Amino acid sequence: MSYTDPARAAAHAPRPGLFAPGLTVWSITEAEYAGFVRAQRSVSFLQTPGWGRVKTEWRTEYLGWFDGGQLVGAGLVLHRPVPRLDRYTLAYLPQGPVIDWSGQIGAWLDPLTAHLKAQGAFAIRLGPPVRTHQWSAEQVKEGIADPGIRRLTDLSGGVSDPVGARVVAQLRDAGWLPQSPEDGFGAGQPQFTYEIPLAGRTADELVGSMNQQWRRNIKKATKAGVEVTTGGGAADLKAFHDLYLHTAERDRFTPRPLPYFETMFARLSAEAPERIRLYLARHQGELVAATIMVRVGAHSWYLYGASSTHKREVRGSNACQWAMVRDSLAAGCDVYDLRGITPTLDEDDPHVGLIRFKAGTGGRAVRYAGEWDLPLRPLVYRAFDMYMRRRGRGA
């Protein structure tokens, strides 16, 4: 995981009396941070420099953990000011930081806490990129069929990850507060996701692991003449966004404005040409589905999707998904990540359709450690929490 820039090593040597001996934390340049990220097999796209430039309403800080003069860990921090108290910020590390989570995490988080408190943070929020549990597609299918099973966590036979369990226990013992709600979706990143392992597999094996409905839909799209192309220019983004607005109205969610996607494509593409890609599925020239995929190293993510109500029978969404899986496989990815699900397996819960759709791809449901807060200034933290709760009620 380490990365050394000899020209900068001396500048980050431990200072007398500050966390010595041991790890030290300092602000680093974007170039240093980008070099560390490139040296990893993969990190979350939410921890890339480009993502910091997408979140224009937050102040970005790049941190490095140093062991002597060697950079051994890094984190993108998004600082959010407190309304009417601009000198204090919530310091947010989404799906980060990029450190070794397998040992005693206090050695990493204690100097982080001290640094951010000195910078004026009233609280730290982070999301360790470690899994705690996973369940196979077959287990998910059996759970949905069993009326006695209501949630993923009710399933027996899932795989537990000891690293994730230790991280959760250490965070709790150190006074960190869990922020992930029961349904897995909160203000931050989802705790439950669905992913398809790709390493060592072929396209035929991936199709073979899908359920009959998915295989049939992919064949339907091919037979109907659905063509999937990639893009990212202004006209393509406008076409995607028009369809996305239609999807938002139909499925009753609040859409993001077109400039957000324009900024996302501009900033992430500037960082690496392969970082973000728009997929457009057309039938007889008509756009019927569109999706956005992001890739960092050996991990790719399905980020946004849109589909028309008209011509749903040609299965444009399945065609887009299959194109993204194939491209991820060709790029040497270890994982194709379908992102968030809720943990419900209750047939009467409207959210069960999401996990049923994603489980049809094969793969596995995954539970991560979730997001955690550490209040550094309790009075300010409580005031911020009350503000966010009122805003959530429409205040």
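Tutor: Let's start with strand β9, residues 192-197, which is mostly covered: five of its six residues are buried. Buried here means under 20% relative accessible area, while exposed means over 50% and partly exposed is in between, using a 1.4 Å probe and protein chains only. The names of the elements come from DSSP runs, numbered from the N terminus: helices are H or I runs of at least four residues, and strands are E runs of at least two.

Before we go on, keep in mind that this is a predicted model, where local features need pLDDT of at least 70 and side-chain atom pairs count only at pLDDT 80 or more, while totals for chains, interfaces and linings use all residues. Residues are numbered from 1 along each chain as its sequence is written, and side-chain values use heavy atoms, with hydrogens and water left out.

So what does β9 pair with? One partner is strand β15 (residues 364-368), which joins β9 in the antiparallel sense over four bridges. Two strands count as paired if DSSP finds at least two bridges between them. In this pairing, Y194 stands opposite A365 in β15. Strand β14 is also a partner: four bridges join β9 to β14, and these strands run antiparallel. Here I196 stands opposite Y336 in β14.

The phi angle of R339 is near 65°, a positive value in a residue other than glycine. R339 counts as buried because its relative accessible area is 16%. Another positive phi turns up at Q95, where the value is near 45°, again in a residue other than glycine. Q95 is placed in the loop between β4 and α4. P97 is in that loop too, between β4 (85-93) and α4 (106-118), and the peptide bond from G96 to P97 is cis, with omega near 5°.

T113 counts as buried because its relative accessible area is 18%. Leaving out residues up to four places away in sequence, T113 touches I124, W176, L374 and L376, where touching, or contact, means heavy atoms within 4.5 Å.

β4 also takes us to an open sheet of seven strands, with the order β1-β2-β3-β4-β5-β16-β8 and mixed pairing. The edge strands are β1 (24-27) and β8 (177-178), each pairing on one side only. P178 is found in β8. P178 and R125 are 53 residues apart in sequence and 9.6 Å apart in space, C-alpha to C-alpha. P178 touches E371 and W372, again not counting residues up to four places away in sequence.

Elsewhere in that sheet, β2 (residues 59-67) and β3 (residues 70-82) pair in the antiparallel sense over nine bridges. W65 stands opposite G73 in β3. Helix α2 (residues 30-38) packs on the sheet, touching β2 and β3, and its direction makes about 120° with that of β3. Axes are lines fitted to C-alpha atoms, for helices over the stretch in contact, and angles run from 0 to 180 degrees between N-to-C directions.

Let's finish with a helix pair. Two packed helices are described by the angle between their axes and the distance between the axes. Helix α9 (residues 234-251) packs against helix α10 (residues 258-271) at an angle of about 135°, with the axes 10 Å apart. That makes α9 oblique to α10, because angles under 35 degrees count as roughly parallel, over 145 as roughly antiparallel, 65 to 115 as roughly perpendicular, and the rest as oblique. α9 passes α10 in a right-handed crossing: right-handed if the near helix is turned clockwise from the far one by less than a right angle, left-handed if anticlockwise. On the α9 side, the contact is made by L237, K238, F240, H241 and Y244, and on the α10 side by L258, F261, E262 and F265. By class, that contact has six nonpolar, one polar and two charged residues. For those classes, Ala, Val, Leu, Ile, Met, Phe, Trp, Tyr, Cys and Pro count as nonpolar, Asp, Glu, Lys and Arg as charged, and the others, Gly among them, as polar.
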